[in-house]
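Please open the model in a viewer and keep the selection panel at hand.

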Amino acid sequence: MVEQENKESKPETTKTIEEITNTATVAYGAGAIAGGIATANPFLVASGAVSFFGGFLAPFMAKNRDRYFDELKNDLERLISKVDGLTIESILTNDKVLSVILQVYPVVIRTMEEEKVTFMRNIVLNTALGINIEDDLRSMYIQFVADLTPSHFRILKYFQNPMKWLGDHNISLGGVTATGRRTFLEKAIPELKGRHDQFVADLITRGLLLKGDWLNVMVSDFTSPMLTDMGKELLRFVETPPKMN
């Protein structure tokens, strides 16, 4: 009887998120991955490789899972404290929110990229706030986050407002009146070490950056924004909701 009373008095927020965690774990946990490997190559079963690697994969994924849901729970609690009328029940009975949580789950349990994990949490928060994005685009954007790297997103952020980025990072225009967009992109994100072309090509292919002539060495509007409408919408989808600040 005491056990039942304790269970019923458990906070609704924690209980609901734990239920989602358990459901997702069944669908996407180490056993599912190991099962996929075994199906693809049955000889691995006989060799015991599935059990061997599963012993290392399961703790890694469990650690990522627990951290993700703990942080998401904290974010949701902050969100409902700042938005009138928003409750944990209204969020976690919203089919779009639940669908997004399950869509991002396979990514967050396998990545070590903190920025990507943060993007995935923000996607859930923005969905909970009712951000207006078509269903098919929402799924496509989630896949973009899964496929692209944090460097891709830094490039998108730079081209959202190059002048602001350069100013925020104390990068001087040096009196230059005409140059190529690559010149200042390399100054803005030097850690790519000359690999900027490939990253930009990836973003153009996905329709997130305008083609333009950013490689031209004599472009006078080299600090103009270069995002497409999809690029702008994607950034809005992955950034921390203004209401959280």
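This is a predicted model: local features need pLDDT of at least 70, side-chain atom pairs count only at pLDDT 80 or more; totals for chains, interfaces and linings use all residues.

**Helices 10 and 14.** Select residues 150-160, which form helix 10, together with helix 14; their axes lie 11 Å apart at an angle of about 115 degrees. The crossing of helix 10 past helix 14 is left-handed. Display the side chains where Phe153, Leu156, Lys157 and Gln160 of helix 10 meet Leu234, Leu235 and Val238 of helix 14. By class, the residues of this contact comprise 5 nonpolar, 1 polar and 1 charged.

**Lys157 and Glu239.** Because Lys157 lies in helix 10 and Glu239 in the segment after helix 14, the pair ties together parts 82 residues apart in sequence. Lys157 is partly exposed, at 35% relative accessible area, and Glu239 is partly exposed at 27%.

**Glu233.** Within helix 14, residues 229-238, select Glu233. This residue is buried without a salt bridge, and the nearest side chain of opposite charge, Arg236, is 4.0 Å away. Leaving aside residues up to four places away in sequence, Glu233 touches Asn132, Ile133, Leu137 and Tyr141.

**Further salt bridges.** The whole structure contains 12 salt bridges. One of them joins Lys96 and Asp135 at 3.7 Å, N to O; Lys96 is in helix 7 and Asp135 in helix 9, 39 residues apart. Another pairs Asp66 with Arg65 at 2.8 Å; here Asp66 is partly exposed at 36%, whereas Arg65 is buried at 17%. Finally, select Glu71, Asp75 and Arg121, which salt bridges link in a network.

Methods:
Residues are numbered from 1 along each chain as its sequence is written. Side-chain values use heavy atoms; hydrogens and water are left out. Helices (H or I, at least four residues) and strands (E, at least two) are DSSP runs, numbered from the N terminus. Buried means under 20% relative accessible area, exposed over 50%, partly exposed in between (1.4 Å probe, protein chains only). Lys and Arg count as positive and Asp and Glu as negative; His and the chain ends are not counted. Contact means heavy atoms within 4.5 Å. Axes are lines fitted to C-alpha atoms, for helices over the stretch in contact, and angles run from 0 to 180 degrees between N-to-C directions. A crossing is left-handed if the near helix is turned anticlockwise from the far one by less than a right angle, and right-handed if clockwise. Ala, Val, Leu, Ile, Met, Phe, Trp, Tyr, Cys and Pro count as nonpolar, Asp, Glu, Lys and Arg as charged, and the others, Gly among them, as polar.
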